[in-house]
Amino acid sequence: MITAERKPLDEILELVGDKKKVLVAGCDTCVAICLTGGEKEAEILAAELRIKAEQDGREVEVEHTAAIRQCEWEYLDMIADKVEQADVVLSMACGIGIQSLAEKFAPKLVMPAVNTNMLGMPQEHAVWLERCVACGECRIGLTGGICPVVRCSKSLMNGPCGGSHDGLCEVTGPEKEEIECAWALIWERLKAQGREELMFTDRPPKDWSKSSSGGPRKMVREEAKPV
Amino acid sequence: MADTDVKTPVAEDGEAVDEAPKKPIDPDFEPEIIVFACHYCAYAAADLAGSMRLQYPSNIRMIKLPCTGKLEVIHLLKAIEAGADGVYAAGCLEGECHYLKGNLWARKRVNHVKDLLAEVGIEPERVEMYNMSSAQGAEFARVATEFTERIKALGPNPVKRAGVDAHAAAREALGGAAMPDDPAPSAATSEEGHAE
């Protein structure tokens, strides 16, 4: 799912500026599942902003709402009344939701209250691990179901580098946690599948123009378009 | 922020004491304190404290929960926003929750609210988590006294507004989750116009 983390309060306050009517808009899909930007979290941020304003002696009206999905026009219709009345909308959706809201209600001021950070897998409750970068050309059929683009620190496509030791990467994570070497994992998985020869087969270079390097992407499913 | 005219307290060895300068305590300040009490322990402990004729401050106002695990971040925040000077949750002893881990969840949420309060410039000490068993009437009274003294030392909640009932706001935030303190009369007795 798409995961996000709330921005520090100071940054949010700066984005709100001196606006008097603030709407905190949550999204009840991905960001709700990752406990960052659903209706509950929108209500918490709204309460925080009211307390902070009261503390600072500023008169601000802060309300909250949530769309079932901020990235779909129809669901945005359901929160239109509240959006129209606000001077600024603080969206807690992912980057897609924030932009959908901003586009639908343009030129309404829509500000992000979260940083969208990854396409993550919930490894356990309240822990997410990055598993995909939406590169547009999936190769995990050749790598034992383990993505080297996202799980190798260098996104190497043809085996490990010299920084792989005892199954671990020479790079450590932001909290200094160990990172498993993706290519060591791939080797072990391919061995378990009896497909080690895949490590030694030639692979054509990856077409990065299908990733975000190729400009904004668009997908059209002609057979599904309304007649 | 500390007033720049106030000197940092210094210990005898000359090192700065890691303690904010204390504000003078207003003897007339009677804090409003909301207690989210678990039905299985703290609420029963309060009953016991009453039966034991123990004295504890009348500043606390209780809201009974089926378990402190029901308590969410927003419930504590709403109580503070509505002007409660202090809020605490009182759950079962750790390891003895009727629902196994509700009190452990509550502690984590209380700690998270402390962080949120610090972020908006309110003293995190205004919220706390306590644990006690239903047999600890004396502990209930001790905690109520200790917390009331703590809040008296902190002074009034800076976002308190006249005419807002923090207890009612906290109950409202809980919706149907708060347990009624008295059982509602059954339909039959109501219709007959008398109870029991």
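I began with S1(A) and strand S6 (residues 114–124) of chain A, which pair in the antiparallel sense over five bridges. Strands here are DSSP runs of E with at least two residues, helices are runs of H or I with at least four, and both are numbered from the N terminus. Two strands pair if DSSP finds at least two bridges between them. I note that this is a predicted model, in which local features need pLDDT of at least 70 and side-chain atom pairs count only at pLDDT 80 or more, while totals for chains, interfaces and linings use all residues. Residues are numbered from 1 along each chain as its sequence is written, and chains are lettered from A and ligands numbered from 1 in the order in which they are written.

I looked up the partner of Ala4(A) and found a bridge to Thr116(A) in S6(A). I then traced the open sheet: its three strands run in the order S1-S6-S7 (chain A), with antiparallel pairing. Strand S1 (2–6) and strand S7 (127–132) of chain A are the edges, each pairing on one side only. Neighbouring strands are turned by 70° against each other on average, direction ignored.

Axes are lines fitted to C-alpha atoms, for helices over the stretch in contact, and angles run from 0 to 180 degrees between N-to-C directions.
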